[in-house]
Amino acid sequence: MLLVLAVFLTAKLLSAGVRWVLRHWAEHVRPRLRLSILRLIPLARLVFGTVAVVVAVPILVEPTLRNVVTLVASVGLGLAFALKDYGSSLLAGLATVLENTYQPGDWIQVDGTYGEVKSIDSRAVRIVTADDTEVIVPHSKLWSTRVSNATSGNRSLLCVADFYLHPDHDAAAAQRRLTEVAGGSSYRKADTPVTVVVHEKPWGTHYRLKAYVKESREQFEFITDLTIRGKEAVRAMGIRFAQAAYAETKESRGAVEGSH
């Protein structure tokens with residue numbers, strides 16, 4: 001046991017030394033090489049850990065045929081149990097490709113993450129969000145999570161801009177004006193419909209301006225354009241914007257009562 005402990009301790013010290021050297025090296029090279037060197041750190045830890053296990057096992061177990069077969073069977077069973085989720089992701093990835101659930105360039109939402117599919121790997125899909133953050137989602141989410149695909153292989157997608165107006169106004173005129181705003185946008189895909197859905201709320205009127213953008217990557221620019229130009233058009237009509245009533249909570253009510 002002391003010899004095995006010495007093997008693992010030596011591996012740990014060597015791994016720590018190599019990590020220190022790599023980090024020190026990464027801080028003194030060209031910036032474009034820094035990340036490439038830092039990627040070697042987890043690989044070095046894996047190599048030293050594997051070597052330590054390979055050296056320690058023959059010390060603990062006599063390398064006879066029976067012991068080797070038993071050890072291999074035990075390790076194989078442990079790996080099969082540990083990698084069951086990995087296998088599930090591989091099968092889900094195969095189903096994704098065969099069923100064409102999503103493909104690179106699609107805008108999808110998985111488990112609350114919305115973004116553009118950059119690549120479909122064997123185990124996971126790489127999504128880049130609107131904030132330029134890469135999110136890696138295992139394909140196994142396909143079995144238990146709803147996957148929403150906004151484009152399904154198309155360049156265009158439906159965008160929605162919301163407006164909340166004071167209830168005292170000409171709703172038909174506002175609907176026509178918002179339709180004209182969307183129709184005149186340079187981001188809108190030609191020959192596609194523009195829809196304005198109106199919902200009456202206790203505190204105002206909710207307008208949902210729906211139109212298709214030419215390129216899915218321009219969806220946020222399109223929504224911004226609709227919002228800015230739509231607000232200008234509404235103001236030009238003399239329509240006021242709605243203000244939701246203050247929602248009184250138990251905490252705020254208690255604070256008010258306590259002040260009296």
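**Notes on the predicted model**

1. In this predicted model, helix α1 covers residues 2–26, and its 25 residues should span 36 Å at 1.5 Å a residue. The buried residues of α1 are Val4, Val7, Ala11, Ser15, Leu22 and Ala26.

2. The largest nonpolar core contains 18 residues. Phe163, Leu165, Leu178, Tyr207, Leu209, Phe222 and Leu226 have the most contacts inside this core. At least two of its residues come from each of β6 (157–165), α7 (171–183), β8 (204–213) and α8 (219–236). β6 gives the largest share, five residues.

3. Which residues does phenylalanine 163 contact, leaving aside neighbours within four places in sequence? They are Leu178, Thr205, His206, Tyr207, Leu209, Leu226, Thr227, Gly230 and Lys231.

4. Another core lies apart from the largest one and has seven residues. Ile108, Val110, Val125 and Val137 are among them.

5. α7 and α8 pack with their axes 10 Å apart, at an angle of about 145°. Their crossing is right-handed. On the α7 side, Arg177, Leu178, Val181 and Ala182 take part, meeting Leu226, Arg229, Gly230, Ala233 and Val234 of α8. By class, this contact has six nonpolar residues, two charged and one polar. Leu178 and Leu226 belong to this helix contact and are also listed with the most contacts inside the largest core.

Note on methods: Residues numbered from 1 in each chain as written. Predicted model: local features only at pLDDT ≥ 70, side-chain atom pairs only at ≥ 80, totals over all residues. Heavy atoms only, no water. Core = buried A, V, L, I, M, F, W, Y, C linked by side-chain atoms within 4.5 Å. Buried < 20%, exposed > 50% of the residue type's maximum accessible area, 1.4 Å probe, protein only. Helix = DSSP H or I, 4+ residues; strand = E, 2+ residues; numbered from the N terminus. Contact = heavy atoms within 4.5 Å. Axes fitted to C-alpha atoms, helices over the stretch in contact; angles between N-to-C directions. Left-handed = near helix turned anticlockwise from the far one by under 90°. Nonpolar A, V, L, I, M, F, W, Y, C, P; charged D, E, K, R; others polar. Expected span 1.5 Å × (residues − 1).
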